[in-house]
Amino acid sequence: MEVKKLSISWQFLLVLVLILQILSALDFDPYRVLGVSRTASQADIKKAYKKLAREWHPDKNKDPGAEDKFIQISKAYEILSNEEKRSHYDHYGDAGENQGYQKQQQREHRFRHFHDNFYFDESFFHFPFNSERRDSVDEKYLLHFSHYVNEVVPDSFKKPYLIKITSDWCFSCIHIEPVWKEVVQELEALGVGIGVVHAGYERRLAHHLGAHSTPSILGLINGKISFFHNAVVRENLRQFVESLLPGNLVEKVTNKNYVRFLSGWQQENKPHVLLFDQVPTVPLLYKLTAFAYKDYLSFGYVCVGVRGAEEMTRQFNINVYAPTILIFKEYINQPADVIQARGVKKQVLEDFLAQNKYLLAARLTSQKLFHELCPVKRSHRQRKYCVVLLTTEATKQSKPFDAFLSFALANTQDTVRFVHVYSSRQQEFASTLLPDSEKFQGKSAVSILERRNTAGRVVYKTLEDPWTGSESDQFILLGYLDQLRRDPALLSSEAVLPDLTDELAPVFLLRWFYSAGDYISDCWGSILHNNWREMMPLLSLIFSALFILFGTVIVQAFSDSSDERESSPPEKEEAQEKAGKTEPSFTKESSSKIPKKGFVEVTELTDVTYTSNLVRLRPGHMNVVLILSNSTKTSLLQKFALEVYSFTGSSCLHFSFLSLDKHREWLEYLLEFAQDAAPIPNQYDKHFMERDYTGYVLALNGHKKYFCLFKPQKTAEEEAALGSCSDPEPSLHLGEARGKSCGLGPKPVRGKLSKLSLWMERLLEGSLQRFYIPSWPQLD
């Protein structure tokens, strides 16, 4: 009886302990554990955590409960140091880590309680809504938003992802589950990433992916999302994953192009991989591996079951009955490594390729490749030396490079990496390592270096003489490497290397073209496959804008036509008035801009200002030159200023005057090219030297080498003045009259420019005749 009572008391004690533990777990308060208030800052939380962690660390505190206390302190700091978890705890009483899962468990518990009380047998309905059983396969693939953004998206540049969007009470999700399990098991073994998003618990991620219905299946590659729109069967999903991969990953190689393919190592700076197999299509595993290593290797595929591969199979001794993979580096006639096996596993293939990612003497084409080939020294036991060949770029392999390559092949070590650099493409890098650039001008050089930090600091030693590839050069280099193993102080020179230029980066125009193509394809795919209900706001906006645009155009067209009908009678009257006039008239709109100054700036055209005002006049500018004499200078300049004043607002017009007494020969040479407008008499004319050109105006275009001519017209006063003179040649024009035989008064002289303003308007309209000359004569 006493034993029975004792066992009952022990059972009661155990139950009490369990209840206390449960209550303590439910009553866990991170603020109370760290001893901070709910408004404490991150600095206060961190300070309290450090103090308590030092006090309750199990290695320093021998209290039996120190370990549990330290765990509580760590858990409390983990919650409060993360703003998202802290916000969840403040609002919901937990850290939000398993919020969805806890709610799901509570619903399951209530459902099971309801099921047990009312004796429902779910096997009768065959509805596997129990999430514990249904999501057991998908549980390890569940994605959260932060995990997707920080890990899945960057990883999608190395492998494609197949993501399923699911939710509770989804009949279609249950229907596709067997196919999904089979496909996941197959594709994951090939290297495809798998993800599952629960739309009920990860609404933010589901909205970010653009999945508004369940179930949805999408693919992710290079950060780009593509939706699956076919029937959910194994073959369609496999083809969908294959369609995500770029089409140029693997090149089909035959007897005709294998030499060109293998010779591309020099331009691409990559080893080349060839897979020999009997199947006509490239295996998916090979494509996925090619995508993962696309930055390091170039891949080709040879189908040995068809004609066109016999020469390669004989040359490389290929067993056509088993898949064979060859890796070629600088020597295209002999593979650097071979693997041959039936059913090659993904891990074996990746290990094989990882060991052959680089050439024997790779070219440094970018700073990223420099970091990978020549890593920074981490400790004395992890020293990595780089032997750098600085050589000139050549279409064919030079003797120094061939000798360097042979030396690298014969002296391959874990601590030494052989690389080469084109001095013409990486000039700053090469000049830093070469002490005497003149001595190595146009020649190759070899340097041994060790990187000390990521900022570019290196220690190095450059061979004193240029590298010719001779046996003596190779012997000297080998001696340095042997000495370096014993004495690292051999590298006595220090320098800071500049960053390498990325030689293989596409130009900006190509990058823009590729980005534009991707954007257009994304938009087209969205238009074809998106839900039209979701597209309605965008379509409504587009049609509204088009309606407003076309409505405005139509209204404007009708208003313009009505204005034309109303204004047509006045225009006809103006046209009739213009037709009745013998002289052309112009509207105010055709005139120049409003003058900026209250005067006209007129400069004299002399041998000093000739070049700047005419010969080297800017394109589009013209110089309007008035011809005058000493006797008519004052009166003609005053009239000239009045006539051209309204045109001084134009910055393209310059105004000058030319003295006829000083530069008659220059003017007559110019007028020879305008015989129709101003005929020049021969030199035997007795009045040749007395001919009067005062009042002529030339518009000179110095850039295009042409001029327009204004010839003064006779007025009534001028004809009266000529009538009073005994002119032996009355047939001569006023402009050709002799200035010495008959003196005109000031009014007739000023009347020569009475119609200059009309001529200036025609000049601005471009309707004047132009006289071209081969070159501007010298102004003596």
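**Reading threonine 365 and other features**

Q: What does threonine 365 touch in this structure, not counting residues up to four places away in sequence?
A: Threonine 365 touches Asn269, Gln426, Thr501, Asp502, Glu503 and Leu504, where contact means heavy atoms within 4.5 Å. This is a predicted model, in which local features need pLDDT of at least 70 and side-chain atom pairs count only at pLDDT 80 or more, while totals for chains, interfaces and linings use all residues. Residues are numbered from 1 along each chain as its sequence is written, and side-chain values use heavy atoms, with hydrogens and water left out.

Q: Why is threonine 365 called buried?
A: Threonine 365 has 4% relative accessibility and therefore counts as buried, since that word means under 20% relative accessible area, with exposed being over 50% and partly exposed in between (1.4 Å probe, protein chains only). Its place is in the loop between β10 (361–363) and α18 (367–373); helices (H or I, at least four residues) and strands (E, at least two) are DSSP runs, numbered from the N terminus.

Q: What makes lysine 662 and glutamate 604 a salt bridge?
A: Their closest N and O atoms are 3.7 Å apart, which meets the requirement that a side-chain nitrogen of Lys or Arg be within 4 Å of a carboxyl oxygen of Asp or Glu. The pair links distant parts of the chain, as lysine 662 is in the loop between β18 (653–659) and α26 (664–671) and glutamate 604 is in strand β16 (residues 602–604), 58 residues apart. Lysine 662 is exposed because its relative accessible area is 57%, whereas glutamate 604, at 26%, is partly exposed.

Q: Which partner does glutamate 450 have in a salt bridge, and how do you know whether glutamate 450 is buried or exposed?
A: The partner is arginine 452, with the closest N and O atoms 3.7 Å apart. Glutamate 450 counts as buried because its relative accessibility is 0%, while arginine 452 is partly exposed, with a relative accessible area of 27%.

Q: Why are lysine 639 and glutamate 643 separated by about one helical turn?
A: Both belong to helix α25 (residues 633–644) and they are 4 residues apart there, so about one helical turn lies between them.

Q: How many salt bridges does a search of the whole structure find, and which residues are linked in a network?
A: The search finds 20 salt bridges, and Glu182, Glu186, Arg234, Glu235 and Arg238 are linked in a network of them.

Q: What makes β2 and β4 edge strands in the open sheet?
A: The sheet has 4 strands in the order β2-β1-β3-β4, with mixed pairing, and two strands pair if DSSP finds at least two bridges between them. β2 (193–198) and β4 (224–227) each have a single partner strand, so one side of each is left without a neighbour in the sheet. From one strand to the next, the twist averages 25 degrees.

Q: How do you know that β1 and β2 are paired?
A: Strand β1 (residues 161–166) is joined to β2 by 6 bridges, and the two run parallel; threonine 166, for one, has histidine 198 in β2 as its bridge partner.

Q: Why is isoleucine 542 called partly exposed?
A: Isoleucine 542, which lies in helix α23 (residues 532–580), has 41% relative accessibility and therefore counts as partly exposed.

Notes: Axes fitted to C-alpha atoms, helices over the stretch in contact; angles between N-to-C directions.
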